[in-house]
Amino acid sequence: MSTSSSSSSTSTALDNSSNEDIVLEKRNNLKNQNIEEQPKKQERGVKEQTKKRVYQSPYDNKSLAWLDKYFEISQRDSNFTKEILGGIAMFLASLYILSVQPSVLKLGGTPESGTRQSTALLSGLGTISMGVVSGIPLMVSTGMGENYFYSTTMMLKHKYSWQTAGSIVFIQGILIVLISWRFLRLKFLSAIPPMFRIGIAFGISLFIGTLGIKSMINNPVTGLSELHFRLLLAVLCLVFVASFAIREKIIVFILAPFVTAIVSQVIRAALGEFEMAKWDLSGLGSTAFKINFDWKVSALWLIPVMTINQLFDAVCTILTVIQFAFLDKIKFDEKKFLDLISQSKTSKLQRVIIVTGIWSSISGLFCNSQIVPFIESIVAGTVGARTGFSSVITGLCFLLSIFLYPIISLIPGEATAPLMIYTTAIVIKMITHVDFTDLNSIIPIVVSTITIPLMSSILMGIALGYAVLILLWIVAPEKKYKEITYPMVIVFILAVVGVVFELLE
């Protein structure tokens, strides 16, 4: 009895000790688990606090603080001075459209004064809405290339009246909105390789510089190159801008053009060449809401061609402006770039195209040509603007120009050309991010870079370069054809169609 009882007590003791060991082991495991989870909990807590944290504006004034918070001015390392100066500089660089657009559409019979005023109105309201909706320093107006297609192809070649041509633009703008609203997502960007996007920026910047040089040496009346005092003034203005910009005196981007304009007009007056535009505010009613739908069969293919043209032009211009204005100076970071344009369910790219389509449709109601983002918007980034507030300033300047055009028209090409050339010099740095050892990237970039300024067509340069890019990928010995995605195939088809119709027209 005693032996059995002792053995049972021994087994009980062993069971108790084993149970205690199990309990201790479980406690130790729980402690270790808590120790491991504690940093994770702290990290989650930090993230939750960051989400809950409300951005505090550095401005005490309630209105300024609200604007700063809405446009994220301080968050993007900018300030109101940079945004305002950037907006004015963007307006000056795009000012030429108010004189060029009426002369181009006049070829097809559109009333000149009505075109100028509707262009100013559409540019103003469109650019303001672009800044508010997208938050990007981007200006929109009636595009160069689109306006010639509108006047020469639609009106002169196909014999459409300016009222009927406006109705085609009206419908085409609605089509752009529907396409971008439903189909244009972030996947579209995968169809444009990063290196080619940089190459596009390089080519477009050369195009800007080419336009600047032409306005410096060409007679604004005859369009022929000639030696004139304007060239000397433009060179001096460019040197003035560059020297002070290097010293980060951004006021020079506004001061230099205005000083040059005053000197230029004084010299013109001395030579008897001074001329002031007529003050006419009655022209807007001559083109507004005059459209009719007297279409022909050709309208069925004109609309797709115009849509392809506008999409290519707009998307590549937007990507260039975003790359330049949003990234840290000119340092290219693909992941950061994609994050910037997809910060919400509706990406920045998609918002811009939708707004562009809406204002194109409204432009048609005014019997005007398509609205597109202007590559001259890069000028704002050169000054230091990083937000849509600069677009609001640019839009307000265009609205004021409706009433002050005779005064604003006194700012000649030699005063604004240096801004375009300086911008080219800044943006051209982007080419350093291209892999020069990869001919599959270099050759398409060379094709686009030469074609855009040579043919004065962003669409032609981008479409031809992209077509060459895909064909090179197909025959490349590295089997790069495996990297071709279905969005790339769709864009390739659109590029080929764009090249064909551009050359036909």
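Here is a short chat about a predicted model, one question at a time.

Residues are numbered from 1 along each chain as its sequence is written. Since the model is predicted, local features need pLDDT of at least 70, side-chain atom pairs count only at pLDDT 80 or more, totals for chains, interfaces and linings use all residues, and side-chain values use heavy atoms, with hydrogens and water left out.

Colleague: How many helices and strands does the protein chain have?

Modeller: Helices here are DSSP runs of H or I with at least four residues, and strands are runs of E with at least two, numbered from the N terminus. On that count the protein chain comes to 20 helices and 2 strands.

Colleague: What share of the residues in the protein chain is buried?

Modeller: Buried means under 20% relative accessible area, exposed over 50%, and partly exposed in between, with a 1.4 Å probe and protein chains only. Of the 505 residues in the protein chain, the buried ones make up 50%.

Colleague: How far apart are the end C-alpha atoms of helix 11?

Modeller: The expected span is 1.5 Å times one less than the number of residues. Helix 11 runs over residues 252-271, 20 residues, so it should span 28 Å. The model agrees, with the end C-alpha atoms apart by 28 Å.

Colleague: How do helix 3 and helix 16 pack, and what is the handedness of their crossing?

Modeller: Axes are lines fitted to C-alpha atoms, for helices over the stretch in contact, and angles run from 0 to 180 degrees between N-to-C directions. Helix 3 and helix 16 (residues 389-408) pack at about 45 degrees with axes 8 Å apart, which makes helix 3 oblique to helix 16. Angles under 35 degrees count as roughly parallel, over 145 as roughly antiparallel, 65 to 115 as roughly perpendicular and the rest as oblique. A crossing is right-handed if the near helix is turned clockwise from the far one by less than a right angle, left-handed if anticlockwise, and this crossing is right-handed.

Colleague: Is Leu 227 buried or exposed?

Modeller: Leu 227 sits in the loop between helix 9 (194-217) and helix 10. Its C-alpha atom is separated by 6.9 Å from that of Ile 217, 10 residues apart along the chain. With a relative accessible area of 79%, Leu 227 is exposed.

Colleague: Phe 289 has a positive phi; is Phe 289 buried or exposed?

Modeller: Most residues other than glycine have a negative phi. Phe 289, in the loop between helix 11 and helix 12 (299-326), has phi near 55 degrees. At 59% relative accessibility, Phe 289 counts as exposed.

Colleague: And Cys 367, buried or exposed?

Modeller: Cys 367 also has a positive phi, near 55 degrees. Cys 367 is found in the loop between helix 14 (348-365) and strand 2 (371-373). Its relative accessible area is 1%, so Cys 367 is buried.

Colleague: Which residues does Ser 363 touch, beyond those up to four places away in sequence?

Modeller: Ser 363 lies in helix 14 and, at 0% relative accessibility, counts as buried. Its partners are Leu 122, Thr 142, Asn 368, Ser 369 and Ile 371.

Note on methods: Contact means heavy atoms within 4.5 Å.
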